Amino acid sequence: MKMTSKKLVSIICTLGIVCVALQGCVHQRSEPVPLTDMAKIGELFPGFPKGYLAHDALPDSLAILPPPPATDSAAGKADEAAYIATRALADGPRGEVATRDADLRFPRSLNAFACATGFEVDPNRSPQLATLLQRSFSDAAVATSRAKNHYQRTRPFVAHDAHTCFPQDEAMLKKDGSYPSGHSAIGWVWALILSELVPDRTTAIQERGFAFARSRVICGAHWASDTVQGMLVGSATYARLQADPTFLAQLQAAKAEVGELRGQPQPVTRDCAAEAEALRLDDRAAP
C-alpha cells in the first residue's frame, strides 16, 4: 500500500472534518481480515483503511484535554525552552531518527519499533499485524482532530519562521493545528499494542514510543506539550479499542503472526546500534 507522505499528512489533517461532513466513518463490523480485503474493511480514502471505531465512539480530545498553554505561561515558556534546547539535536544523529519517525508512509512507518521488538512488520509476511497497526493508526489520528481543529495552535517552526526535519510536509502542517500531536497519538497507540504483543520487551517498546513522540519536538513540528497530550489521546484510544470485538479478534490473529516472526527471525534492516546511540543523545531535558 503506497502513498506519498504529502498525501498522507493531508489526509491526517482533514480526517475528522471529512468524516463529519460526509458521514463517511460509519463503522462496519467485520472479522479480522488483512488489508488485501479492503472491501470488507472499508476506506476513508483510496488505499487508506478505516479504523476500528465509529467516529462517535472515538475519545473526544476536545473534552479530555485542557487548552494548550498560553505563550506567556510557565508551561508555554517551557515549550519554548524545549524547542530552543533541541535545535542542536535536530542537526545530528538524533535528528536523523526524528526524520525517519516523521515519515508516516506505509510500510516504512510500521518499523519505527523494529529495534525495540526485534522484528520488522512485513505486510506480506504478517498481514494481520500490519492491518492492526494501520487501522489503529486511523483511530488515533482521527481522535486528535476535535482538539486540533478547535485550538489551531501555531506550530513551533511557523512561530520561529524555521523549517522541520521533513520539509515536504510543511505546507500541510502549516494548515493543521499543533495541539495535540497526531504523530504522538499514533506512536503511543502502536507502543501499547506492541507491548501487549511482545510483553517481554515492554520497556524497550514504550521507551521507543516516548522517543517517537519526542521526535516531533526535535523535528520542530510540535511543542513538547503537544506530544504529551497526543500520547494521552493515544492512551484513551487504546483503552477504547479494548472494547471493540473486531480489534480484539485482529489482536489475537496478530499474536499468532508475532509468534511466527519471533520463532523464525529475520535480520532487522535498520542499524539498531546507531539508533540506540542517537536516542541516548537526547537527555530528555524537556517533556
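This is a guided tour of a predicted model, stop by stop, with a residue or element to select at each one.

**Before selecting anything**

Because the model is predicted, local features are taken at pLDDT of at least 70 and side-chain atom pairs at pLDDT 80 or more, while totals for chains, interfaces and linings use all residues. Residues are numbered from 1 along each chain as its sequence is written, and side-chain values use heavy atoms, with hydrogens and water left out.

Colour the chain by pLDDT, the predictor's confidence in each residue on a scale from 0 to 100; the chain averages 88, and 84% of the residues score at least 70. Contact here means heavy atoms within 4.5 Å.

**Stop one: helices α12 and α14**

Select residues 182–197, which form helix α12, together with residues 224–241, which form helix α14. Helices are DSSP runs of H or I with at least four residues, strands are runs of E with at least two, and both are numbered from the N terminus. The axes of α12 and α14 come within 7 Å and cross at roughly 45°, where axes are lines fitted to C-alpha atoms, for helices over the stretch in contact, and angles run from 0 to 180 degrees between N-to-C directions. The two helices are therefore oblique to each other, given that angles under 35 degrees count as roughly parallel, over 145 as roughly antiparallel, 65 to 115 as roughly perpendicular and the rest as oblique.

Show the side chains next: Ser184, Ala185, Trp188, Val189, Leu192, Ile193 and Glu196 of α12 meet Thr227, Gly230, Met231, Gly234, Ser235, Thr237 and Tyr238 of α14. The residues of this contact divide into 7 nonpolar, 6 polar and 1 charged, with Ala, Val, Leu, Ile, Met, Phe, Trp, Tyr, Cys and Pro counted as nonpolar, Asp, Glu, Lys and Arg as charged, and the others, Gly among them, as polar.

**Stop two: Leu197**

Staying in helix α12, select Leu197, which is buried, with a relative accessible area of 8%; buried means under 20%, exposed over 50%, and partly exposed in between, with a 1.4 Å probe and protein chains only. Beyond its neighbours within four places in sequence, Leu197 is in contact with Leu129, Leu132, Leu251, Ala254, Lys255 and Val258. Leu197 and Val258 are 61 residues apart in sequence, yet their C-alpha atoms are 7.1 Å apart in space.

Move to Lys148 in helix α9, which counts as buried at 4% relative accessibility. Leaving aside neighbours within four places in sequence, its contacts are Arg155, Asp176, Gly177, Tyr179, Pro180, Gly182 and His222.

From there, select Tyr179 and Pro180, whose joining peptide bond is cis, with omega near -5°; Pro180 sits in the loop between α11 (170–173) and α12. A further cis bond runs from Phe106 to Pro107, with omega near 0°, and Pro107 is found in the loop between α6 (93–102) and α7 (114–117).

**Stop four: two positive phi values**

Most residues other than glycine have a negative phi, and most peptide bonds are trans. Gln152, in the loop between α9 (145–151) and α10 (156–159), has a positive phi near 45° and is partly exposed at 40% relative accessibility. Finish at Asp161, in the loop between α10 and α11, where phi is near 50° and the residue counts as exposed at 73% relative accessibility.
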